[in-house]
Amino acid sequence: MERRSFIKKVAVTSVAAGAAIAAPSVANAKTKIRWKMVTTWPKNFPGLGANANYLAKLIGEMSGGRIKIKVYGAKELVPAFEVFDAVSQGTAQMGHGGAYYWKGKHEATQFFSSVPFGMTAQEVNGWLYYGGGMELWRELYAKFNLIPTASGNTGVQMGGWFNREIKSAEDLKGLKMRIPGLGGEVLKRAGGTPVNLPGGEIFTSLQSGNIDATEWVGPYNDMAFGLHKAAKYYYYPGWHEPGSIIECFINKEAFEALPDDLQSIVLAACKAANMDMLADFTAKNNQALDLLVNKHGVQLKQFPDDVLRQLKTISEQVVTEIAERDPMAKKIYASYSAFQKQAAMWQGISEQAYTRARSL
Ligand code: CA
């Protein structure tokens, strides 16, 4: 390992020295940069894996082929939950995943995927790009040698697939459910047993009865895993993930070694991929929900209001405690919650009031 890291350092140093000597414009135009992107998703998985592929393709095209990115599915180069370390250490230059997978690195990473009863996609994008969220995310990931950004959003997720009905908060007790991040902690305090499994292991665990319930994403992605074949009830809404950010993070040295125009291309491509994924999910969730209900006979169920109220109370406790444990988490949560409070007022008289009016 020491030898490898020494060789890598020498290689990086010589590239940097070479670039400084050559005329930058000539060197930049001819340089072919080859990057690896490791992901937490099964290779080519609809929506999530597709977003990684789209991002790599877009960066290749926008840069006129100057950056070529090879995308690896989970386990191809590193296992799903080792993606963060792999990019941090420079084994790969880019990573693609969900920030709540890294709560073991820092609890505040979870604020950058989704907060239970937190912001929707539209609101969280406002916070990231124009409300100070992105700056805080960069500050948080800096000590891990990473530059994070958003490259997708799932929109409001589904509550999940259950093999037993949830009629009251009592029914959450003893429930073994795949639910990552803050939502998992909330379920734990409600008496359940949260389990964190990568996507590729969910179907078998649910079918074998190893877990009683699972959440994944929404109709489009859930149908791709065939989860409707392993559980009876499909609950909504996804209180735990109201607008999950899909992240892309870049090894700091790799990013800083790029000329300015390529840095700008990489970040602009991520922004385009962020918009693309939400549009893709909006279109495909509509179609998949129709198929699940009308072709596969899936039973849709809404969580009772008193269950949601209890989960909301617990969520507020969980998030507040995280903020109290760590100054960086406190700073991020203060910014997030202040933005959400303002956004809720506007949302109430815009989207919310309009969708209500539309359904009268
Ligand atoms: Ca999810």
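**Salt bridges and their surroundings**

Author: Happy to. A search through the whole structure, which is a predicted model, turns up 14 salt bridges. Let us begin with K43 and E76, whose closest N and O atoms are 3.9 Å apart. K43 sits in the loop between β1 (33–39) and α3 (48–62), while E76 sits in the loop between β2 (67–72) and α4, so this pair ties together parts that are 33 residues apart in sequence. Both partners are partly exposed: K43 has a relative accessible area of 42%, and E76 has 45%.

The side chains of K57 and E61 form a salt bridge with an N to O distance of 3.2 Å. These two residues belong to helix α3 and lie four residues apart, about one turn of the helix. K57 is exposed, at 54% relative accessible area, and E61 is exposed too, at 51%.

R66 is buried because its relative accessible area is 14%, under the 20% cut-off for burial. D261, with 37% relative accessibility, counts as partly exposed. There is also a network of salt bridges, in which E185, R189 and E321 are linked.

V293 is partly exposed, with a relative accessible area of 30%. Together with Y236, L289 and L300, V293 makes a nonpolar surface patch of about 270 Å². L289 from that patch is also among the residues touched by P219, as are M158, Y234, N285, A288 and L292. P219 itself lies in helix α9 (residues 219–224) and is buried, at 7% relative accessible area.

Helix α11 comes up again around helix α5 (residues 121–130). The buried residues of α5 are A121, E123, V124, N125, W127 and L128. Their cover includes α11, along with α6 (133–142), β4 (146–153), β10 (245–251) and α13 (327–349). After α5 comes G132, which has a positive phi near 90°.

Helix α4 came up when we placed E76. This helix covers residues 83–88 and contains S88, which is buried at 16% relative accessible area. S88 touches F144, N145, L146 and N251.

Finally, the whole chain. Its secondary structure comprises 14 helices and eleven strands, and 50% of its 360 residues count as buried. The radius of gyration is 21 Å, which agrees with the value near 21 Å for a compact globule with 360 residues. Among contacts with a separation of 6 or more, 78% come from residues 24 or more positions apart.

Definitions and conventions
Residues are numbered from 1 along each chain as its sequence is written. This is a predicted model: local features need pLDDT of at least 70, side-chain atom pairs count only at pLDDT 80 or more; totals for chains, interfaces and linings use all residues. Side-chain values use heavy atoms; hydrogens and water are left out. Patches are made of residues with over 30% relative accessible area and no salt bridge: like charges are joined within 9 Å, nonpolar side chains (Val, Leu, Ile, Met, Phe, Trp, Tyr) within 5 Å. Accessible areas come from the Shrake-Rupley method with a 1.4 Å probe; for residues, only the protein chains shown count as cover. A salt bridge is a side-chain nitrogen of Lys or Arg within 4 Å of a carboxyl oxygen of Asp or Glu. Buried means under 20% relative accessible area, exposed over 50%, partly exposed in between (1.4 Å probe, protein chains only). Contact means heavy atoms within 4.5 Å. The radius of gyration is taken over C-alpha atoms; the globule rule is 2.2 Å times the number of residues to the power 0.38. Lists of a residue's contacts leave out its neighbours within four places in sequence.
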